[in-house]
Amino acid sequence: MQTQQTDAVRPRYELLDGLRGVAALMVIFYHIGECFATSPMDQWFNHGYLAVDFFFVLSGFVIGHAYDGRWRQGMTAGDFMRRRLIRLHPMVVAGVVLGVVSFLIQGCEKWDGTSVSYTAVGLSLLLGLLMLPSLPGTLPEVRGNGEMFPLNGPSWSLFFEYIGSIFYALFLHRLSTRWLKVFVVLSGASLAAVALGNDSGYYHVGVGWTAADGGFVMGLVRMTFSFSAGMLLWRVFKPVKIRGAFWICSALIVAVLAVPYVGGTDRPSPANGIYDAVCTLFVFPAIVWLAASGKTDDRRSARTCEFLGVISYPMYVIQYPFMYLLYAWAWKNGYGVDRAWPVAAAIVVAVVVLARVFARYYDAPVRNWLTGRVERRKK
């Protein structure tokens with residue numbers, strides 16, 4: 001296992017923070033594209049769903065960097081999970097509360113117009129707060145389209161982030177680098193297989209948000225490979241010389257996620273599954289390696305990375321309740337992009353601004369308070 005650095009000399013990878021923000025912005029553009037798509041083959045920013053796999057690689061790298069050396073210093077699985085809960089859960093709560101508000105504004109009804117009881121909404125809220133998925137067809141699955149977390153859809157990836165953290169605490173951190181390589185190879189082979197053979201019918205890995213039709217398995221496979229690959233990157237990482245790494249890697253992320261459906265839009269193509277697998281297995285780890293090798297040598301890139309890093313997680317968590325409102329408004333009125341684009345653009349600006357507000361006045365203060373409370377209890 002790589003010799004770990006102490007907190008005093010451990011480097012901070014600002015570029016990775018910035019890239020997380022770039023990928024989160026691409027997720028927003030991808031979700032806006034959902035409003036006007038007729039299928040996964042003609043959607044704008046077509047491979048935006050792969051940002052989740054990039055996030056998982058980042059998480060594995062950063063968690064390995066931050067925590068691998070602490071196990072020898074006496075950190076327990078409980079200590080680690082408390083840290084992860086403090087880091088992730090305040091915004092989970094904010095996201096599901098915004099989701100309830102959005103659902104009520106929509107009229108408290110499923111996408112097919114069926115009314116939903118307040119009891120069902122309350123149960124969905126409770127499950128969302130506890131980070132427990134709703135099963136398709138059950139009372140708390142209030143939107144009727146199979147989402148694990150129907151009040152804030154992207155919470156499915158945070159659900160698997162929690163699973164990845166549990167895997168790390170109980171199992172993955174114990175693996176030697178040699179056995180971690182074996183695990184990464186096996187999980188990578190599984191991901192390649194499901195990219196070409198999942199039940200979506202479109203040869204893509206952009207599934208995982210539903211507990212049915214293989215979605216849970218797909219989400220688990222996506223997380224397992226990408227998270228463990230990020231850990232392995234940290235274990236074997238040796239920086240390379242590169243200038244302008246943030247701008248190069250940002251351009252790569254945007255380009256990869258914006259690529260149209262591979263194989264044309266006439267019929268689903270296995271070429272798209274191959275593209276997804278190549279990006280996840282090779283391109284994203286390479287981007288993380290390059291970004292971790294780079295430095296913020298100028299003030300502009302440093303400020304950009306800092307800003308994007310601060311808003312990245314809140315931006316990802318709060319954006320989808322606004323998408324629900326956009327979809328409901330545009331679909332109900334039959335508006336295309338020519339009528340809806342000003343509203344969509346306003347949503348992008350609003351999400352960025354609100355993410356900054358949440359980061360400064362809610363997320364950071366709550367996490368600091370919880371951390372202080374835990375430390376006082378230890379003393």
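At what angle do helix α7 and helix α9 pack? About 40°, with their axes 11 Å apart. Here α7 is residues 215–236 and α9 is residues 270–293. That makes α7 oblique to α9.

Some ground rules. This is a predicted model, where local features need pLDDT of at least 70, side-chain atom pairs count only at pLDDT 80 or more, and totals for chains, interfaces and linings use all residues. Residues are numbered from 1 along each chain as its sequence is written, and side-chain values use heavy atoms, without hydrogens and water.

Terms, quickly. Helices are DSSP runs of H or I, at least four residues, numbered from the N terminus. Axes are lines fitted to C-alpha atoms over the stretch in contact, and angles run from 0 to 180 degrees between N-to-C directions. Under 35 degrees is roughly parallel, over 145 roughly antiparallel, 65 to 115 roughly perpendicular, and the rest oblique. Contact means heavy atoms within 4.5 Å.

Back to the first pair. On α7, the contact uses Phe 225, Ser 226, Leu 233 and Val 236. On α9, Thr 280, Leu 281, Pro 285, Val 288 and Trp 289 take part.

Now the second pair: α1, residues 14–34, and α2, residues 51–67. Their axes come within 10 Å and cross at roughly 160°. That makes α1 roughly antiparallel to α2.

Who touches whom? From α1, we have Leu 16, Leu 19, Arg 20, Ala 23, Ala 24 and Val 27. They meet Ala 51, Phe 54, Phe 55, Leu 58, Phe 61 and Val 62 in α2.

Technical notes: Helices (H or I, at least four residues) and strands (E, at least two) are DSSP runs, numbered from the N terminus.
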